[in-house]
Amino acid sequence: METLEGILAEHPFAKDLDKRYLALLVGCAANVRFDPGQFIFREGKEAKQFYLIRHGKIALEVFAASAGEITIMTLGAGEVLGWSWLFPPYQWKFDARAVETSLAIALDAQCLRTKCEADHDLGYELLKRFAFMVEQRLDSTRLQLLNAYEFHA
Amino acid sequence: MPEIPVAAAPPHPMIPAPFCVQRVHREAPDTVTLELKPAKGGAAIAFAPGQFNMIYVFGVGEVPMSITGNPAQTDILVHTIRSVGAVSGALGKLKRGDIVGIRGPFGSNWPLEEAGGKDIVLVAGGIGLAPLRPVLYHILSNRAKYGDVFLLYGGRTPHDLLYKKELQRWRSQSSFQVEVTVDRAPASWHGTVGVVTTLVRKVALNPRRVVAVICGPEIMMRFTVREIERRGIARSQIYIFMERNMKCAVGFCGRCQFGPNFICKEGPVFRADRILPLLAIREL
């Protein structure tokens, strides 16, 4: 049977992560599964975990009374869901809902923050990985905002 | 096995030949695909994927339009048109039996010869799928000639996606990987939401044996090239599709001049390392 450490090591977020840090992460990790339509978190609630998606598709949504549910983006295998756990007040800014049956590794936020405070090298390593992901998402958001298709013919 | 179509040149580049509308298919609220046949026993047009025609709506004006049909099927000429101006708007209102003038084909073609034996990733944004569709037809007719093929297609919303039935068919055939995303979607859309560059991160590209062809709005192509380069793929392996206002389509008038290039003649398909540096010069 595949161990949690093995599953974690295969995720792109943990690629080339020092074994020592991998072991620290495993101590905060659990396998989770979400059914289609199931909410993973809701806007305004406490961000107690983040997720390394292994399989499936998860939508980040926002609800507007005038427009209903609007999907901001979808995330799939190999991607990371959630960074609100990193910054006070540790509250989700969007809803996350499984579009398909989805498998993920959930990492406990309090557990990980405590370990990062105790070992700044681990904290720096994780922050570098999150910063890279945030930079990619920012890049995508900028392109999305440019609305490039509007006048293209 | 069909030969790789070579870029063709029209016998009379400045004289429009009459073509008759055979079929109009509405792809999206503002986009139609027209199937045309030569009127009065005129000659059919052979083309290479990537080439374009000048379409003349009599009494309105003339616009360049990519040829979007199957290069192996020369008896019918196919154009997909999004209505954004006076001429394209008029094209969008044509009915079966209407006559338009066609000059062409013009311009350079996608690098199908160079891509032989290699993997190909096609990245299309919005109406940019139209000039790439002939490449897909050619690949499907010559599947053994190419390695892994990926079609990454991004649209504004689910309603704006082109060729929906064909996308489904290409997906189910699974002789190549098809990934589709939209920038914005209601919750009823069960597909992927995000810009097309996010798809580049999701496919397994081998930098040593892949050719990338990109077509879409210029800003989308610039972002996409950057994302592809992040995957270790050299600019010399990337081709983009340039657009500028064109008039004569044969390099006489200079209307589409872009630095040392005439887009109508040296383009519209360019190798990225030869054209991208010019895109950074605002004065051009």
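**Reading a predicted two-chain model**

Student: Which residue follows helix 3 of chain B, and what is its phi?

Tutor: Helix 3 of chain B is followed by B:Ser174, with a positive phi near 50°. Helices (H or I, at least four residues) and strands (E, at least two) are DSSP runs numbered from the N terminus. This is a predicted model, in which local features need pLDDT of at least 70, side-chain atom pairs count only at pLDDT 80 or more, and totals for chains, interfaces and linings use all residues. Residues are numbered from 1 along each chain as its sequence is written, while chains are lettered from A and ligands numbered from 1 in the order in which they are written.

Student: How many residues of helix 3 of chain B are buried?

Tutor: A residue is buried if 20 or more other C-beta atoms, placed from the backbone, lie within 10 Å of its own, exposed if 12 or fewer, and partly exposed in between. In helix 3 (residues 164–173) of chain B the count is 0 among 10 residues, so this helix is hardly covered. For chain B as a whole, 46% of the 284 residues count as buried; for chain A, 29% of 153 residues do.

Student: In what order do the elements of chain A run?

Tutor: From the N terminus on, the order is α-α-β-β-β-β-β-β-β-β-α-α. Chain A has a radius of gyration of 16 Å, close to the 15 Å from the globule rule, so it is as compact as a globular protein of 153 residues.

Student: Which elements of chain A give two or more residues to the side that touches chain B?

Tutor: Contact requires C-beta atoms, placed from the backbone, within 7 Å. By this criterion, 19 residues of chain A are in contact with 27 residues of chain B. The elements in question are strand 4 (57–64), strand 5 (68–76) and helix 4 (120–146) of chain A, and strand 5 gives the most, with 7 residues.

Student: In what sense does strand 5 of chain A pair with strand 10 of chain B?

Tutor: Pairing requires at least two DSSP bridges between the strands. Strand 5 of chain A and strand 10 (residues 185–186) of chain B pair in the antiparallel sense over 2 bridges, and A:Thr71 stands opposite B:Ala185.

Terms used. Contact = placed C-beta atoms within 7 Å. Rg over C-alpha atoms; globule rule 2.2 N^0.38 Å.
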